[in-house]
Amino acid sequence: MGRYVFHYGDPFQDVPPCTTCHGKDARGSKTLPRLAGQHRKYIVNQLLAFQSGKRQTDNAMMRHIARRLSRLAMEGVALFLSTLKPEAGSGK
Amino acid sequence: MTRERKGFALALGLGLGLLAAPAVMAATVVEPPASVKKIIEERCKLCHGRDGEASNAIYPRLAGQNRAYLEKQLRLFRSGVRKSDIMNEQAARLTDAEIAALATWFSSRPPLSHRAPRTPKKKLLIRMGEYYFRYGDGFADIPACRECHGEDARGSETLPRLAGQHRKYIVNQLLAFQSGERRTDNAIMRHIARNLPRLAMEGVALYLSALKPEADAQNSERK
């Protein structure tokens, strides 16, 4: 389930795929955080914080997204991300 | 449990090219009475197909659906309690006996399935659906579908079979439960549908639509 949301988002609710911004391998970009290998629970907590509005930083897109993610989907995505293997040599 | 026997009795009857198979269970009829046949040929067939296969996803597949459930739905359509522009009219003049015979006929038709999708995206979506089917959503108090609809989604005597049903039809019914538009059989389904995001509905529906019919399954006693 997490893999689906990561690659395809939720087309029924205008949730873009995570890959769009966080990269194909969830390594993020210069400004966006790497998610690959992050703690599952931490990701879920941040998503919940975006959802509730508690986290107001970096939330331009994330607020919109988190509001449309069911808790189960959050758990799925977080679990998936946490299992992504680190790449051999560090990227950019 | 009755469906396997009916399936076997049906195959036997057809194999011999003969008439009514032995009535092991009540009303196991291979060929419906002439008047009911007429109804099927002239009306039901147009949307649901003669064998309940329903090639168009708007109309539910009836093949292999539980007899008691079909009968109940026809009665609900007839009385107008379950609302459907088409079905209310179609069922309006059916007699009890005709309803029983129609339910028996369609429930005896071999169940069908859909070809499983092959794109990576759809495959993932199916797995999402399987997750919900097997485990529900613990965070939203959604029980696993299989708890009521059975391990193989074949339903029970009173609950509908979901295996092999049209994806789109399942989604539409879930949305109808969610909005309150469908008020029949909704004691639990309303609660469930209200907590299911659309994406989950699509996943579950896709998964259910691709479940293989048990004609291929060996054991007949699994529920």
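1. A word on conventions. This is a predicted model, where local features need pLDDT of at least 70 and side-chain atom pairs count only at pLDDT 80 or more, while totals for chains, interfaces and linings use all residues. Residues are numbered from 1 along each chain as its sequence is written, with chains lettered from A and ligands numbered from 1 in the order in which they are written.

2. Chain B has 10 helices and 0 strands (DSSP runs numbered from the N terminus: helices are H or I with at least four residues, strands E with at least two). Of the 223 residues in chain B, 37% are buried, meaning that 20 or more other C-beta atoms, placed from the backbone, lie within 10 Å of the residue's own.

3. Helix 3 of chain B (residues 67-79) is worth a look. Just after helix 3 of chain B, Gly80(B) has a positive phi of about 85°.

4. Which residues of helix 3 of chain B are buried? They are Arg67(B), Leu70(B), Gln73(B), Leu74(B) and Phe77(B). Because they cover an arc of only 130° around the axis, they sit on the same side of helix 3 of chain B; the arc is that of the directions from the helix axis to the C-beta atoms. Their cover includes helix 4 (85-91) and helix 5 (96-108) of chain B.

5. Now the domains. Chain B is assigned domain 1 (32-108) and domain 2 (120-216), with bounds from an automatic or database domain assignment. Their centres, taken over C-alpha atoms, are separated by 22 Å. In chain B, 12 residues of domain 1 are in contact with 13 residues of domain 2.

6. Finally, the chain-chain contact, which takes 10 residues from chain A and 12 residues from chain B. On the chain B side, helix 6 (120-135) and helix 10 (198-209) each supply at least two residues. Helix 6 of chain B gives the largest share of that side, 6 residues. The side of chain B that touches chain A has 8 nonpolar, no polar and 4 charged residues (nonpolar: Ala, Val, Leu, Ile, Met, Phe, Trp, Tyr, Cys and Pro; charged: Asp, Glu, Lys and Arg; polar: the others, Gly among them).

Methods. Contact = placed C-beta atoms within 7 Å. Buried ≥ 20, exposed ≤ 12 C-beta atoms within 10 Å, placed from the backbone.
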